[in-house]
Amino acid sequence: MRLIVAEKPSLARAIAEALPTKAQRRDGYLECGETCISWCVGHLLEQAPPDAYDARYQQWRLDDLPIVPTQWQLMPRAKARAQLAVIRKLLKRADSVVHAGDPDREGQLLVQQVIERLGWRDPMSRLLISDLNRPAVKQALQRLEDNARYQSLFAAAEARSRADWLYGINLSRAWTLTGRQAGYSGVLSVGRVQTPVLGLIVRRDLEIERFVSRPFYTLWADLVVEHGALRAWWQPQPPHPLDDQGRLLARSPAEALAARLPSAEGHLSALQSKKKSQTAPLPYSLSSLQVDAARRYKLPAKRVLDICQTLYERHQLITYPRSDCRYLPEGHFATAKQTLSKACASDEILTGWLRGADFKRRSRAWNDKQVGAHHALAPTGRPFDAARLSNDEANVFRLIARNVLAQFYPPLETRDVKAEFSILEECFRAQGREILVPGWKPLFTTRDEAPVLPTLREGETARIQACAVEDRQTRPPEPFSDASLIKAMMNIARYVDDDAVRRTLRDTDGLGTEATRASILETLITRGYVIRQQGTLRATRTGRALIQALPDTATRPERTALWEQRLAEIAEGNADATAFLDTLVGDVRQLLSQADTERMRQALATPGGAEPTAPSRGKRRNARRSASDKPSTTQRRTRKRTTPRKATTKKGDT
């Protein structure tokens with residue numbers, strides 16, 4: 001008998017439907033002739049809690065830190081024992097085993113951990129499925145691979161899991177105990193990724209609060225030229241008082257010039273005209289979709305992820321969603337017309353976009369060299385019926401389809417014009433953009449473009465028609481939103497001060513992963529460190545105090561992003577997981593040495609931070625349970641202790 005172990009029941013059903021023998025439903029598995037298909041339901045196993053290694057760790061004490069297991073242990077999740085028993089019985093009957101986890105790091109880990117823990121020692125095959133439609137699954141079943149090829153991916157995921165445990169357990173205990181000594185009664189949760197993300201929000205909030213707005217002044221002039229009129233802006237130069245962005249800091253020079261301008265004449269002293277060609281935005285990765293959906297539809301990142309999972313699993317309208325790739329396999333190009341025609345045929349908006357597509361056109365999106373374990377999000381070819389979906393689901397699907405359809409549109413071609421006028425020996429500048437070929441642009445709603453300038457000729461006369469001085473104020477940076485925070489996590493190098501580290505991080509995937517960024521944000525909200533406030537994300541007083549009490553290096557993205565780079569190297573077989581964990585333990589020891597009760601007391605006493613709305617009883621209960629980044633199965637055993645229970649999180653980096 002062949003046993004296939006899928007990551008979740010929806011994948012198991014899709015595999016069963018692709019097999020020639022009709023499936024018979026059994027308790028915890030499907031039987032298709034000589035093939036049985038069982039499943040996990042997310043992680044069935046988790047890292048054992050500290051007291052599984054030594055009973056004294058039931059009591060939280062600073063003297064016991066750091067806790068570093070010598071032999072790592074796993075234990076079943078509370079509701080996983082029945083399904084583990086099913087898989088164990090099937091493994092005893094099996095002649096061969098197929099690993100059918102999702103095609104990513106965590107998918108590799110959670111299925112392989114179960115199979116190996118239950119005693120399977122023989123080789124196993126790997127089934128990689130990124131599209132739940134029957135033809136795609138049938139094709140995947142015909143190209144099984146040796147699971148040994150993915151051992152480095154498993155090693156990276158296992159190292160990530162252990163790193164999160166080491167970091168979260170030790171630092172959460174240390175700062176919770178330090179907080180108690182300083183008079184704070186709750187749990188202070190510290191995480192390898194969540195804490196630097198909280199640090200981004202706290203520092204942005206402080207930057208906004210400390211921002212001092214300053215006035216600056218602009219002078220515009222409406223000019224009459226040979227073929228029309230345009231508006232140009234004065235470009236003041238030293239010795240006029242200017243800031244570092246060239247803005248005028250005193251009104252009097254602008255007023256003095258404005259008084260001389262009426263009916264003045266000058267000439268066009270410099271003219272630049274440049275044609276530009278811009279190809280369509282690439283198909284979406286999960287994070288880039290979350291950014292656009294948040295901006296356009298105000299959808300939280302976690303909501304976008306949930307919608308994508310529904311579109312993938314229940315409706316089978318899109319390919320595997322937890323992807324960090326924005327490219328498509330070259331082999332998909334030949335079938336794109338058929339796939340998109342079927343997907344878009346029943347929707348008026350999509351049909352309109354489909355009519356403009358030229359399927360002979362090949363964009364840069366089709367590139368096997370850029371495709372790793374999974375490719376960009378794309379329609380599967382199943383007919384899209386908006387009436388069967390929620391409004392949010394329909395909107396997200398249209399975004400995904402649009403970005404793929406845009407690959408079959410011509411580039412956007414523009415002419416950018418910059419004109420400088422010399423009037424009363426002062427420089428006035430105007431710029432505009434003319435769309436020559438709209439290409440893919442009509443599919444997208446974008447910000448207003450620069451105005452079209454009239455036809456200009458260098459040296460021609462320009463006469464002042466009107467002018468005015470405007471009073472303006474410098475503005476603070478915007479608080480983070482779901483969209484801007486996800487984008488910041490994707491492009492974390494922008495928030496790094498060290499030049500060498502910044503150069504290194506430009507080549508990495510940023511802070512967190514595609515699968516975990518949304519859940520990290522929701523974790524911060526659940527734990528009361530961040531709130532959503534009128535579409536923005538603001539740190540609470542507790543969140544701010546935690547960041548101010550921690551060592552600066554624990555709240556910044558550099559170390560965590562570099563860890564993510566090491567994990568990527570492990571996944572590629574270019575680094576050793578043991579060495580990574582040894583380095584991490586050294587980091588943890590160094591951070592623990594900086595736990596400071598007085599610093600914590602001062603942080604807790606410092607006013608500021610957003611005030612959270614009163615949580616429901618369930619949310620208060622969850623907040624009390626939060627102790628680290630990783631879940632614990634000692635919850636029921638520790639209910640009567642003074643140490644709060646720990647909150648569970650979904651799989652992946654937290």
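Select Arg160 and Asp164 to begin: the two form a salt bridge, with 2.9 Å between the closest N and O atoms. A salt bridge here is a side-chain nitrogen of Lys or Arg within 4 Å of a carboxyl oxygen of Asp or Glu. The model is predicted, so local features need pLDDT of at least 70 and side-chain atom pairs count only at pLDDT 80 or more, while totals for chains, interfaces and linings use all residues. Residues are numbered from 1 along each chain as its sequence is written, and side-chain values use heavy atoms, without hydrogens and water.

Arg160 and Asp164 lie four residues apart in helix H6 (residues 151-181), which means about one helical turn separates them. Helices are DSSP runs (H or I, at least four residues) numbered from the N terminus. Both residues are buried (under 20% relative accessible area, with exposed over 50% and partly exposed in between; 1.4 Å probe, protein chains only).

Next, select Arg247 and Asp243, whose salt bridge has its closest N and O atoms 2.7 Å apart. Arg247 is partly exposed, at 23% relative accessibility.

Proceed to Asp392 and Arg303, whose side chains meet in a salt bridge at 3.6 Å, N to O. This pair links distant parts of the chain, 89 residues apart: Asp392 belongs to helix H13 (residues 391-405) and Arg303 to helix H10 (residues 301-313). Asp392 is partly exposed at 24% relative accessibility, as is Arg303 at 32%.

Definitions and conventions
Helix = DSSP H or I, 4+ residues; strand = E, 2+ residues; numbered from the N terminus.
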